[in-house]
Amino acid sequence: MSSPESEDPAEQAGALPAVAPQLRALRRRAALTLEAAARAAGLSPAHLSRLETGQRQPSLPMLLALARIYGTTVSELLGERSADRDAVVRAAGMEPTRAGGWTYWQAGASGRGMQALRVHVPYGSQGDVVRVHPGEEWLHVLRGRLRLRLGDTTELLGPGDSAHFDSLTPHRIAAQDADGVELLFVHTLLQSPTATLCLGPTPSHIGETP
């Protein structure tokens, strides 16, 4: 299984907007060194440097991890700006974005303490990585079946099933079937760079599937 730094070369060819300037600016705003941010995200400093200089494009799991660490949203990492903070997000305004094989739609306003997404996870995608980070996650399966690993336990969730868990529990989500799985996903954002201290040293194998 690939690590968080493993990327499909096809994903490098303009699949995402240019995020390099935002990644560097938001890391500096969070008062984190390149080494500290990379360690918290489970990346090598060299890989994060390549992301910040535009030599590589991040996958969705990377964007989610960096958004938590920097106390922001995937939208802001992508350089998107919301004109206001309307409580209602219309379906017509949810533009799909692809990253690392996943497709996601912003389902909530930016600038909040939580981020809400509608996500399609294809079968066997590179997003199937084990993650550990401060915060909470809630997900709800809309279509398909989701294989959720929490610590040493694996659960199979079908349409209508939900899960709410502490993100410090090692977790991995994957589509069970060839058609993939679609879900609603809500996670808390880190509001202080000091929260990265909760992560401690990140082993190089943390992003690999056991």
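User: In which helix does L66 lie?

Analyst: L66 lies in helix α4. Helices are DSSP runs of H or I with at least four residues, strands are runs of E with at least two, and both are numbered from the N terminus. This is a predicted model, in which local features need pLDDT of at least 70 and side-chain atom pairs count only at pLDDT 80 or more, while totals for chains, interfaces and linings use all residues. Residues are numbered from 1 along each chain as its sequence is written, and side-chain values use heavy atoms, leaving out hydrogens and water.

User: Why is L66 called buried?

Analyst: Buried means under 20% relative accessible area, exposed over 50% and partly exposed in between, with a 1.4 Å probe and protein chains only. L66 has 0% relative accessibility, so L66 counts as buried.

User: What is L66 in contact with, leaving aside its neighbours within four places in sequence?

Analyst: Contact means heavy atoms within 4.5 Å. On this basis, L66 touches L23, A41, L48 and L77.

User: In what order do the six strands of the open sheet stand?

Analyst: The order is β1-β2-β3-β9-β4-β7, with antiparallel pairing. Two strands pair if DSSP finds at least two bridges between them.

User: What makes β1 and β7 edge strands?

Analyst: β1 (97–99) and β7 (162–166) each have a single partner strand, so one side of each lacks a neighbour in the sheet. Neighbouring strands here are turned by 25° against each other on average, direction ignored.

User: How do you know that β1 and β2 pair?

Analyst: Three bridges join β1 to β2 (residues 102–106); pairing requires at least two, so the two strands qualify. One of the bridges links A99 with W102 in β2.

User: Which strands does helix α4 touch where it packs on the sheet?

Analyst: Helix α4 (residues 60–70) touches β1, β2, β3 (114–121), β4 (136–143) and β9 (181–188). Its direction makes about 15° with that of β9; axes are lines fitted to C-alpha atoms, for helices over the stretch in contact, and angles between N-to-C directions run from 0 to 180 degrees.

User: What places R118 over the face of W105?

Analyst: A charge sits over a ring if NZ of Lys or CZ of Arg is within 6 Å of the ring centre and within 35 degrees of the ring normal. R118 lies over the face of W105, at 4.0 Å from the ring centre.
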